[in-house]
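Dear colleague,

I am handing over the structure we spoke about, and my notes on it follow directly below. Please read them with the coordinates open beside you.

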Amino acid sequence: MSLAMRTAEHSSGLPVADSHDLIRVHGARENNLKDVSVEIPKRRMTVFTGVSGSGKSSLVFATIAAESQRMINETYSAFVQGFMPSLSRPDVDVLEGLTTAIIVDQEPMGSNPRSTVGTATDANAMLRILYSRLGDPHIGSPNAYSFNVPSVRASGAITVERGEGKTKTEKATFHRLGGMCPRCEGTGSVTDFDLAALYDPDKSLSGGALTIPGYSMDGWYGRIFSGSGFFDMDKPIGKFSKRELHDLLYKEPTKIKVEGINLTYEGLIPKIQKSMLSKDPEAMQPHIRAFVDRAITFMTCPECGGTRLSKEALSSKIKGKNIADLCSMQITDLAEWVRGFEEPSVAPLVQGLQHLLDSFAEIGLGYLSLDRPTGTLSGGEAQRTKMIRHLGSSLTDITYVFDEPTIGLHPHDIQRMNRLLLQLRDKGNTVLVVEHKPEAIAIADHVVDLGPGAGANGGTVCFEGTVEGLRASETITGRHLDDRAALKKSVRSSSGALEVRGASEHNLREVDVDIPLGVLVVVTGVAGSGKSSLIHGSVAGRDGVLVIDQSGIRGSRRSNPATYTGLLDPIRKAFAKANGVKPALFSSNSEGACPTCNGAGVIYTDLGVMATVESTCEECEGKRFQAAVLEYTLGGKNIAEVLGMSVAAAEEFFGDGEARTPAAHKVLGRLSDVGLGYLTLGQPLTTLSGGERQRLKLASQMAEKGDVYVLDEPTTGLHLADVEQLLGLLDRLVDSGKSVIVIEHHQAVMAHADWIIDLGPGAGHDGGRVVFEGTPADLVAARSTLTGEHLAAYVRA
């Protein structure tokens, strides 16, 4: 044996390389972590548990995965790094044994109207190549089948150089055929404006005729309109000539000069399309979104029939089907179509497409179609769609990081997800999973339990070891791991019914169902069975119905629970009244902001390709307010001290005494009701976990007036111990006279229901029917559906 080989041996006799079998974390302090040290075995599945806000995501995503990605980025040249996001090193002393991390999180896949399941997974790209080779008639390259590529024509003179400085001018034409429908520009729908919602025809522009948010005649808009000279500002719009009305509504951007300043005038409708319709509706301010919903209707494009494609792309077919026909098929049916396709010239392409489509079915998404917009996918569907590209990967020794992969899954589907996670592990990968479901925790090789509480009360490792060791431990997770909710002994009686007749949205098959009112109704069924289609398509939008869905809450690092819930408004007013000053002084985004850091509390220093350095502002010491503002107090506390309070402490503070503020106390009570008593009022929204964000959204929307509450999977991100608190909240809502409809897979919520509506029996075109209506006890007794079987096993009936 050579000297090199002898020195490369470990004391155990194994090569030294084989001894690196642990990921070591020492002294992690990201967010609320308190010098956490753990050793995670490689090529095993480790599940991280703990109540929402205990520090799981801070350890797994913000420390381990973040450092892995940062170190990979540093292997690129400074030039390449300049185009990549700069990542700062996590606050941790030692990180050893890291491997390349692939993160599969719950973040939505984006609600860009041009993004579909097919474009996000490259299935559309494969189909476009297939049609460009075999489509009949042949119309061009793959771009001719893409709804994101417009057709372009050009003609004109070109200069041709012909040696020794000779040039010749020739006429040339250029044509590139794209697949985009010219009418809807590849979106599949066209907009129609209700002009009555844009202006009052009986008023003039100077008299306030425009009813569009932000279009006031007192500012620059008034100057631009009056200075354009296109119409009379004092004439009622109803008396405008055709030319004047066209200029007001549709005029193309035109250069004008107003008061010596060069400006651009543009008609109202193209301006609204650019400023409002190009945005994600979820990112709009509430009053802007209300205006868009009121003034604009979206219709299927009459030219392409909603397919988004040009007539040339739709005319090209393979075996009698065009590319739009294939994209509208359920993926399992499309997989069968591709499987029967034999053409040696494109065999590798067909084989790759076949594997991709089979992966959809394997992961439980075979009920989707490739033309489904990604913005309509639930959090669980989006996460599983991201998993698809990793299932057939030949890479090994990768660290896969999953954020609650069982979200949105029926108990029947969780078994399939567990198999996929174990497959990834058995290929030689390290699998890290943040999870709450006992069925997913049960298959772990190693468990790390964080806690004991949330926020400032968490951030420590309470247990590390096997699942059996966790079950025997006295941690909150260990005590609740075998929790089983019992069926209710008596159920409430309904006070009426919400009738749904002939529901046929997506895969629903003319469903007729009566949803009881005045009780807790749970709508369940396997993923893709039609639950959301039934409730969001036939119940949401009715008068008095308030929907709290899974869409993420938006917010920058300047947003916090106090600003998001509207809690800061009564607090500012209380401070202003107590001190005889303006409320704006008590906003770190307004007049009270520290001038040095502009109310951010930190100073950012850009170091080019290196990570941006974030340092606490020396002027305000991170308090975000001017020193003069902090001299004003309410109940002996200044505004920075109040924003540093937890919800529970603030609820007591504003409940009585000098600081008594009923409006603030009411909002704080709702935050406590949803289990967020540990959050600090000024904590940036960007630091909240997924479960915390959803409960914050629930607390804020509970303030709105509604008779029927629709909750879409409210147990998302909730620890086993918190589900009990959620059930108490749902009971209080029903007992106060509200009707509550919950779309849910969690058996504890099903067992607690007064009435269950079960859809199925399968997903996609195998579902879409009501397979059971009745009480949980009847569902368990009948065991006639998949849900009934799993619920019976859960309650040990």
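Does Phe225 count as buried or exposed? In this model, which is a predicted one, Phe225 has a relative accessibility of 3% and therefore counts as buried. Its ring partner Phe231 is likewise buried, with a relative accessible area of 8%.

The aromatic pairs come to 11 by the rule used here. Among them, Phe225 and Phe231 make a tilted pair, with 6.0 Å from centre to centre and 35 degrees between the planes. Ring pairs also link these two residues with Phe230, Phe240 and Tyr265 into a cluster, and over the ring of one member, Phe230, sits the charged end of Lys251, 4.8 Å from the ring centre. Elsewhere in the model, Lys319 lies over the face of Trp337, at 5.3 Å from the centre of that ring.

Turning to the strands, there is an open sheet of three, in the order S2-S1-S4, with antiparallel pairing. Strands S2 (36-41) and S4 (92-96) each have a single partner strand and stand at the edges, so that one side of each is left without a neighbour in the sheet. Neighbouring strands here are turned against each other by 5 degrees on average, with direction ignored. Between S1 (residues 22-28) and S4 there are four bridges in the antiparallel sense, and Val25 stands opposite Leu95 in S4. Helix H2 (residues 56-73) packs on this sheet, where it touches S1, S2 and S4, and the direction of H2 makes about 115 degrees with that of S1.

A further antiparallel pair consists of strand S6 (residues 152-161) and strand S7 (residues 167-176), which are joined by 10 bridges; the partner of Ile158 in S7 is Glu170. S6 and S7 form a hairpin with five residues between them, and Gly163, in the turn, has a positive phi of about 65 degrees.

Finally, the cysteines: how many disulfides does the structure hold? The count is zero, and two cases may be worth checking against the cut-off, which asks for sulfur atoms within 2.5 Å. The sulfur of Cys617 has its closest cysteine sulfur in Cys620, at 3.7 Å, which is too far for a bond, and Cys617 is buried at 1% relative accessibility. For Cys327, the closest cysteine sulfur is that of Cys304, 13 Å away and so also too far for a bond, while Cys327 itself is buried, with a relative accessible area of 9%.

Note on methods:
Residues numbered from 1 in each chain as written. Predicted model: local features only at pLDDT ≥ 70, side-chain atom pairs only at ≥ 80, totals over all residues. Heavy atoms only, no water. Buried < 20%, exposed > 50% of the residue type's maximum accessible area, 1.4 Å probe, protein only. Pairing = 2+ DSSP bridges. Helix = DSSP H or I, 4+ residues; strand = E, 2+ residues; numbered from the N terminus. Phe/Tyr/Trp six-rings, centres within 6.5 Å; stacked < 30°, edge-to-face > 60°. Lys NZ or Arg CZ within 6 Å of the ring centre and 35° of its normal. Axes fitted to C-alpha atoms, helices over the stretch in contact; angles between N-to-C directions. Contact = heavy atoms within 4.5 Å.
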